[in-house]
Amino acid sequence: MPSKQIFPKFEYPVAYCIAGVDEVGRGPLVGDVVTAAVILDPDNPIEGLKDSKKLSEKKRAQLSIEIKAKAVAWSIGRASPQEIDTLNILHATMLAMQRAVSALTVAPDFVLVDGNRCPTFLSTVNDEQNKNIKIASQAVVKGDARVAEISAASIIAKVARDDEMIALDKLHPEYGFAKHKGYPTKLHLEKIIEHGVLDCYRQSFKPVARVLGTIHE
């Protein structure tokens with residue numbers, strides 16, 4: 001059995017105002033890819049921040065409320081299924097991350113991103129001299145488990161997207177969105193074949209394209 005990779009303790013960059021960014025929903029067949037940006041308040045700490053996937057649904061919901069109440073600033077960014085189909089999922093995710101940072105009401109001077117790559121982040125402060133200046137950034141592998149700001153972003157993004165899947169389930173209960181959250185489970189693939197493809201599906205993703213008959217293997 002391979003040994004679990006141990007990462008060194010994360011060292012924060014020297015910066016005045018740091019935003020953490022994470023995404024949820026790269027793998028599902030349906031809906032937006034959702035990102036969040038969070039600037040935490042060091043004087044108002046939040047206990048229990050960790051990778052959203054390691055938390056129960058109830059705990060995520062509780063922490064999402066607490067993060068929104070205590071953070072200096074937070075925002076949600078997204079890219080639509082149509083943008084995903086046009087750009088591909090990687091570039092659509094980068095676009096959603098840029099949108100999340102741009103929507104922050106407080107401009108960060110450093111952005112930490114979960115994963116192994118960052119998009120270019122530009123300052124959107126209401127100061128013509130400093131507007132559109134590139135914000136320093138750093139990608140952090142497994143950042144959602146190692147950096148509090150990224151953990152917080154992963155939690156509010158996950159809760160936001162899951163809530164959207166639950167709302168979609170109420171509109172189309174025959175697809176089972178509340179259970180699989182749009183991921184390509186066996187049940188979900190069977191439901192697409194049985195009921196067809198809704199407008200909110202990502203048509204470029206292979207399981208959807210197969211049903212549409214737009215790819216031949």
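The model is a predicted one, in which local features need pLDDT of at least 70 and side-chain atom pairs count only at pLDDT 80 or more, while totals for chains, interfaces and linings use all residues. Residues are numbered from 1 along each chain as its sequence is written, and side-chain values use heavy atoms, with hydrogens and water left out.

Helix α1 spans residues 57–70 and helix α5 spans residues 148–171; they pack at an angle of about 115°, with axes 9 Å apart. The axes are lines fitted to C-alpha atoms, for helices over the stretch in contact, and angles run from 0 to 180 degrees between N-to-C directions. On the α1 side, E57, R60, A61, L63, S64, I67 and K68 meet A152, I155, I156, K158, V159, D162 and I166 of α5, contact being heavy atoms within 4.5 Å. By class, this contact has 8 nonpolar, 1 polar and 5 charged residues. Here Ala, Val, Leu, Ile, Met, Phe, Trp, Tyr, Cys and Pro count as nonpolar, Asp, Glu, Lys and Arg as charged, and the others, Gly among them, as polar.

Which residues does V38 contact beyond its neighbours within four places in sequence? They are I18, A19, G20, I67, A71, A73, W74, E149, A152, A153 and I156. V38 lies in strand β2, residues 33–39, and counts as buried at 0% relative accessibility. Buried means under 20% relative accessible area, exposed over 50%, and partly exposed in between, with a 1.4 Å probe and protein chains only. Although V38 and A152 are 114 residues apart along the chain, their C-alpha atoms are separated by 6.6 Å.

Let me turn to the chain as a whole. It has 8 helices and 6 strands, taken as DSSP runs numbered from the N terminus (helices H or I, at least four residues; strands E, at least two). Their order along the sequence is β-β-α-β-α-α-β-β-β-α-α-α-α-α. The radius of gyration is 18 Å, close to the 17 Å that the globule rule gives for 217 residues, so the chain is as compact as a globular protein of that length. That radius is taken over C-alpha atoms, and the rule is 2.2 Å times the number of residues to the power 0.38. Of the 217 residues, 43% count as buried. Among contacts with a separation of 6 or more, 66% come from residues 24 or more positions apart.

Two loop residues deserve mention. N88, between α2 (81–87) and α3 (89–102), has a positive phi of about 90° although it is not a glycine. K181, between α6 (177–180) and α7 (186–195), likewise is a residue other than glycine with positive phi, near 55°. Is each of these buried or partly exposed? N88 is partly exposed at 35%, while K181 is buried at 12%.

Finally, the cysteines. With a disulfide defined as a pair of cysteine sulfur atoms within 2.5 Å, the count comes to 0. C17 is buried at 9% relative accessibility, and C118 is partly exposed at 28%.
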